[in-house]
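Got your viewer open and ready? Let's take a short walk, one selection at a time.

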Amino acid sequence: MTASVRLTLDQAYHLAQRALRSNGFSAEHADAVAQNVTAGERDGCASHGLYRILGCVHSLQMGKVSADAEPELIDSAPAIMRVNAHGAFSLVAYRRALPAFVDKVKHNGIAALAINHCVHFSALWADIEPLTDQGLVALACTPSHAWVTPAGGSQPLFGTNPIAFGWPRPGQPPFVFDMATSAAARGEIELHRRAGTPLPPGWGIDKEGRPSTDAASVLAGAMLTFGGHKGSALAAMVELLAGPLIGDMTSKESLAFDNQTGSSPYGGELIIAMDPQRFLGEQQASYLAHAETLFNDMRQQGARLPGERRFRQRPQSEQHGIELPQALYDEIEALCR
Ligand code: NDP
Ligand code: PYC
């Protein structure tokens, strides 16, 4: 059994925050990252939990992320906002843009936010929930590094390109799915490599193009999309929407920019949000109630809703804390000196 250490959420946050501050991140950037990775651990998403601190500090040491850049908000059209992260992580840029973005969505009924020139390491559900909390429907996507082969190909081209969607549900947690368009997030494969465990079949191929369940071979080879050509088409869509459409990098360009430093992806994120109130007016309540029929019908067949696992895990972690592999705890603690 792997040795582990139990931490309260507060201890987890402070461990992450100290590691980031010790390595030179500004108080605001360190806070945003530490909050994000602590929320990942809290919701049982280890691939985007405290493990990410190692990559954040590495990216800084490689000169691939700004420790303190000030985001710049640009009101580019009645329903379009942009925020230039100026080379820092996406999180502070999003945090700063959020109030004006929500105003735009509520004013127009629909609006888009482009986060440009950001380094991106985080799970997208964390960007969706502040919007569903405001009663909005939301969609987010971002490219990453060219790690995934298109269906029918054999060389990495697409990123792991997640798509997240959120639907507000009055009085209960929102419906949220958040999925890589690769068979799994790269972070999942990295955790398998650290733990020395095999991958499920269908996640990737080795350098010679042979199917492999060895994490290190797949990391050196190529990942596969989920659902063959369908995941491949969605991955291409993410490249286009959160790359060329918003004037930012594709995953191939991001990997070239990385210059083999092994840092986090650099580029853009696109967030689109809609206000049911503006679509439906007086009928909003009855249509949101109508949506519940769909969720109930899914459940009646024994299906669970995406997001449910996370929302069930949340109060457990708040009450009992989280468990971190001892080796990971030691690695992060060592960054604090
Ligand atoms: P998973 O395959 O684990 O889960 C994808 C979605 O499916 C989740 O919403 C999950 O809900 C839901 N789900 C899983 N199992 C079931 C089930 N049996 N029934 C119904 N719903 C289910 O995630 P991925 O590996 O694809 O992605 C993990 C994370 O990686 C995401 O948060 C993503 O944003 C992040 N990521 C970030 C990238 C970046 O560039 N920043 C790149 C790629 C990924 P639940 O959470 O409740 O289990
Ligand atoms: O897990 O694929 C991933 C990922 C890429 C960038 C952040 N997470």
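From which domains does the shell around ligand 1 draw at least three residues each? Keep in mind that this is a predicted model, then select domain 1 (1-61 + 307-337) and domain 2 (71-182 + 225-306): each of them gives at least three residues to that shell.

**Stop one: the ligand.** Select ligand 1 and bring up the 28 residues that surround it. The closest are Ala 123, Ala 180, Ala 185, Pro 306 and Arg 309, so pick those out by number. Now colour β7 (172-179) and α12 (308-320), the elements that give two or more residues to the shell.

**Stop two: His 86.** Head for the loop between β3 (80-84) and α4 (90-108), where His 86 sits. Check its backbone: phi of His 86 is near 50°, a positive value in a residue that isn't glycine. Most residues other than glycine have a negative phi. Is His 86 buried, exposed or partly exposed? It counts as partly exposed because it has 15 C-beta neighbours inside 10 Å, which falls between the cut-offs of 12 or fewer for exposed and 20 or more for buried.

**Stop three: Asn 161.** Next, select the loop between β5 (137-141) and β6 (163-169) and find Asn 161 there. Asn 161 isn't a glycine either, yet its phi is positive, at about 30°. Count the C-beta neighbours inside 10 Å and you get 27, so Asn 161 counts as buried.

How values were computed:
Residues numbered from 1 in each chain as written. Chains lettered and ligands numbered in written order. Predicted model: local features only at pLDDT ≥ 70, side-chain atom pairs only at ≥ 80, totals over all residues. Near = placed C-beta within 6 Å. Helix = DSSP H or I, 4+ residues; strand = E, 2+ residues; numbered from the N terminus. Domains from an automatic or database assignment.
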